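Subject: Structure handover

Hello,

Here is the structure you asked for. My notes follow below it.

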Amino acid sequence: MAELGNPRETIKILQKHEFHFRKKFGQNFLIDPHVLDKIIDAADVGPDDFVLEIGPGIGTMTQYLCERADRVLAVEIDAKLIPILQETLAGYDNVEIIHGDILKQDIWQIADRYNGGKPVKVVANLPYYITTPILMELFESRVPLANVTVMVQKEVAERMQAEPGTKDYGALSLAIQYYAIPYLAANVPPNCFMPRPNVGSAVVRLDCRDRAPVEVADEKLMFRLIRASFNQRRKTLQNGIGNGGLGFSKEEAAHAIEAVGLPTDIRGEKLGLKEFAALADELMMLHRAP
Ligand code: SAM
């Protein structure tokens, strides 16, 4: 069985199967053993763990996971990679491969079936074209998660960790920080992948929260407010909410902003989760009032 994680073995496997990279699937395979070790260490994978891997590619990281975890389930969308995975993972009896789109899987069923409903660890060198939808699907499904360790675009890693008032701060920062605590585990340059992406990358571990850091009556409304505020970044919060198609007038927005003790000319980028939660509660009461 080929030990992957270096350019030579990767090229050999790819040539043998006449595999051609498909840009539309965000295929940039890892070819650096140090980075692979760093990801597995960051994910804190141990012998009792069940790990869900998203997008195993030719199975490079999957081999590392199989060595450390109790069981691994890998979901890969590209049919051409399935026979390759069957070959590169033939030496492991603790791995299962599903051919499919991760966004169409029933993650609850996976957690239940493979891990008895216990919190799952997710590890992935994510396809960059759907980083946010995959993470949001995982978190919003409310499936029990221990941590999610992912390779993402460096710029996305920065946005995940950003604080209010900084240039990287936005809807993604608030969404990620609502569900998890992000840690930057490593910066990864383009030459660690084949083919090389034209952006820098970073490994981020997201430690999933047991409880949300703020209480809010209508979580969905809070996230709609957040999106409306950052969709129109240069506008004041009042205009963002008033013109955001949320069913609130500018006057109602101004009233709610004042009621939570903020100036009406404030911009959304200054608000943290606590303020957005208070604002969502206030606006909900406005529409409930007789
Ligand atoms: N894990 C491998 C590695 O590190 O070398 C490959 C990572 S590559 C950045 C992303 C992988 O995700 C590719 O194998 C790609 O085919 C797969 N992929 C893309 N979209 C997917 C989806 N919606 N569901 C499952 N896998 C997907």
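Is L138 buried or exposed? L138 is buried, because its relative accessible area is 3%. Buried means under 20% relative accessible area, exposed means over 50%, and partly exposed lies in between, with a 1.4 Å probe and protein chains only.

Before the rest, the ground rules. This is a predicted model, in which local features need pLDDT of at least 70, side-chain atom pairs count only at pLDDT 80 or more, and totals for chains, interfaces and linings use all residues. Residues are numbered from 1 along each chain as its sequence is written, and side-chain values use heavy atoms, with hydrogens and water left out.

**Overall**

The chain has twelve helices and nine strands. Both are DSSP runs, numbered from the N terminus: helices are H or I with at least four residues, strands are E with at least two. The C-alpha trace spans about 70 × 40 × 30 Å along its principal axes. Of the 290 residues, 52% count as buried.

**Around the ligand**

The ligand takes up the space of the largest cavity. A cavity here is a set of points on a 1 Å grid over the protein atoms alone, where a 1.4 Å probe fits but cannot get out. A molecule sits in one if more than half of its atoms lie within 2 Å of its grid points.

Two elements give two or more residues to the shell: β1 (29–30) and β3 (71–76). There are 23 residues around the ligand, and L30, G55, E76, D101 and N125 come nearest. A residue is near if one of its heavy atoms lies within 4 Å of the molecule. By class, the shell has twelve nonpolar, seven polar and four charged residues. For that count, Ala, Val, Leu, Ile, Met, Phe, Trp, Tyr, Cys and Pro are nonpolar, Asp, Glu, Lys and Arg are charged, and the others, Gly among them, are polar.

- Q27 places a polar side-chain atom 2.9 Å from a ligand oxygen.
- L30 uses its backbone: an N or O atom there lies 2.8 Å from a ligand oxygen.
- N125 has a polar side-chain atom 2.9 Å from a ligand oxygen.

How much of the ligand does the protein cover? The ligand has 600 Å² of accessible area on its own, and the protein covers 99% of that. Accessible areas come from the Shrake-Rupley method with a 1.4 Å probe; for residues, only the protein chains shown count as cover.

Helix α3 (residues 60–68) is mostly covered, with seven of its nine residues buried. Those are T60, M61, T62, Q63, Y64, L65 and C66.

L138 belongs to helix α6 (residues 131–140). The buried residues of α6 are T131, I134, L135, M136, L138 and F139. L138 and L279 are 141 residues apart along the chain, and their C-alpha atoms are separated by 26 Å.

**Backbone points to look at**

Most residues other than glycine have a negative phi, and most peptide bonds are trans. These spots depart from that pattern:

- E18 has a positive phi near 50° and is not a glycine. E18 sits in the loop between α1 (7–16) and β1. E18 is exposed, at 63% relative accessible area.
- R142 is not a glycine either, yet its phi is about 65°. R142 lies in the loop between α6 and β6 (145–153). R142 is partly exposed, at 43%.
- M194 and P195 are joined by a cis peptide bond, with omega about -15°. P195 is in the loop between β8 (193–194) and β9 (201–208), while M194 is in strand β8.

M194 counts as buried, at 15% relative accessibility. M194 and Q27 are 167 residues apart in sequence, yet 8.4 Å apart in space, C-alpha to C-alpha.

D49 lies in the loop between α2 (33–43) and β2 (50–54). D49 counts as buried, because its relative accessibility is 17%. A polar side-chain atom of D49 lies 2.7 Å from the backbone nitrogen of G46.

Best wishes

Notes. A polar contact is a pair of N or O atoms within 3.5 Å; within protein, one must be able to donate a hydrogen and the other to accept it, and residues adjacent in sequence count only if both atoms are side-chain atoms. On a 1 Å grid over the protein atoms alone, a cavity is a set of points where a 1.4 Å probe fits but cannot get out, and a pocket is an open set with protein on both sides within 12 Å along at least five of seven lines; lining residues have an atom within 4 Å of a point.
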